[in-house]
Amino acid sequence: MPHESRMEAGIEIIPLCDAVGPMGAAIRKPLPEMFCGASFPADAEWVLHFHCYLLLAAGRTILVDTGVGGAGSPAASWAPVPGRLVAELAAAGVRPTDVDAVVITHLHSDHAGGCVEDGAPIFPNARHLIQRAELDWVSEPMREQVVAPLGGRVEAVSGDAEPFPGVRLLHTPGHTPGHQCVAVGDLVLSGDVLHHPVQLGDPTITYVYDEDPAEAVRSRKMILARARVLATAHFAEPFTPLSS
């Protein structure tokens, strides 16, 4: 657990570093193709950090995203599996059975691959909050290998919501139809609303794997206008202060 936690609006936010590594060859492209409209040095390499976040809020233990998962995860074709999420939680003094709720920003394998292992939920006592639009959209193998084994632990969310005091879900479509961010005060856990620091300076720079690039730009602009601090999924450092 190399990153320090942060207090925001009375809630402790603990970054969990699940994995670090370049995108696998199965989906990797040159950076100018990945981020249309951006310029990069010729030798630039994109090393992704796969961050999840633990929220300790008024006696509740809430996990935001579950990382790349184990060696048999759907992420194994392109991401550095196995992830370290359970070990990171243990370092924070949390067992999988202690988790009360899991918020999934979206159902891509590097954000939800760690929900299930060997066909069984890793967080058996947790409700898993996922946007209904995401559940309607998700396809194989994530539907079969992740969503189905969760069964009744899945709680569908429709649009913005506040499932816990001080923890607000924001429907931010574009990267996927049901992508959601988590707002705690002026801090926003941004999921894949943005992927690379170049999008901070120019939020109109699109990402090749956004389902709806124009919608993604709108969501990105909204989050950047709202947040004072971002807790990002793939930047090297988990917390990014934004200038006012």
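The model is predicted. It holds 7 aromatic pairs and 0 disulfides. The largest pocket has about 450 Å³ of space.

**Aromatic pairs**

- Among the 7 aromatic pairs of the structure, one joins phenylalanine 35 and tyrosine 207, with 5.2 Å from centre to centre and 35° between the planes.
- Phenylalanine 35 belongs to strand 3 (residues 35-36) and tyrosine 207 to strand 15 (residues 206-207). The two residues are 172 residues apart, and the pair links distant parts of the chain.
- Phenylalanine 35 and tyrosine 207 are both buried.
- Tyrosine 207 also pairs with tryptophan 46, and this pair is edge-to-face. The ring centres are 6.1 Å apart, with 80° between the planes.
- Tryptophan 46 is in the loop between strand 3 and strand 4 (47-57), while tyrosine 207 is in strand 15. The pair therefore ties together parts that are 161 residues apart in sequence.
- Tryptophan 46 has 10% relative accessibility, so it counts as buried. Tyrosine 207 counts as buried because its relative accessibility is 5%. The cut-off in each case is under 20%.
- Ring pairs connect Phe35, Phe40, Trp46, Tyr207 and Tyr209 in a cluster.

**A charge over a ring**

- Which ring does the charged end of arginine 6 sit over? The ring is that of phenylalanine 239, and the charged end is 5.7 Å from the ring centre.

**Cysteines**

- The count of disulfides is 0.
- For cysteine 17, the nearest cysteine sulfur belongs to cysteine 52 and is 9.0 Å away. A disulfide needs two cysteine sulfur atoms within 2.5 Å, so cysteine 17 is in no disulfide.
- Cysteine 17 counts as buried, because its relative accessibility is 4%.
- Cysteine 115 is in no disulfide either. The nearest cysteine sulfur to that of cysteine 115 is again that of cysteine 52, at 9.3 Å.
- Is cysteine 115 buried or exposed? Cysteine 115 has a relative accessible area of 0%, so it is buried.

**The largest pocket**

- The largest pocket contains about 450 Å³ of space.
- How many residues line the largest pocket? There are 24 lining residues, and those nearest the centre of the pocket are Ile27, Trp78, His108, Ser109 and Asp110.
- Sorted by class, the lining of the largest pocket consists of 14 nonpolar, 7 polar and 3 charged residues.

- Glutamine 180 is in strand 13, and so is valine 184, with the strand covering residues 180-184.
- Glutamine 180 has a relative accessible area of 0% and is therefore buried.
- Glutamine 180 and leucine 169 are 11 residues apart along the chain, and their C-alpha atoms are separated by 6.4 Å.
- Valine 184 is buried, because its relative accessible area is 0%.
- Between valine 184 and histidine 128 there are 18 Å in space, C-alpha to C-alpha, and the two are 56 residues apart in sequence.

Conventions:
Residues numbered from 1 in each chain as written. Predicted model: local features only at pLDDT ≥ 70, side-chain atom pairs only at ≥ 80, totals over all residues. Heavy atoms only, no water. Phe/Tyr/Trp six-rings, centres within 6.5 Å; stacked < 30°, edge-to-face > 60°. Helix = DSSP H or I, 4+ residues; strand = E, 2+ residues; numbered from the N terminus. Buried < 20%, exposed > 50% of the residue type's maximum accessible area, 1.4 Å probe, protein only. Lys NZ or Arg CZ within 6 Å of the ring centre and 35° of its normal. 1 Å grid on protein atoms, 1.4 Å probe; cavity = no way out; pocket = protein on both sides within 12 Å on 5 of 7 lines; lining within 4 Å. Points joined across faces, edges and corners; volume = space filled by probe spheres on them. Nonpolar A, V, L, I, M, F, W, Y, C, P; charged D, E, K, R; others polar.
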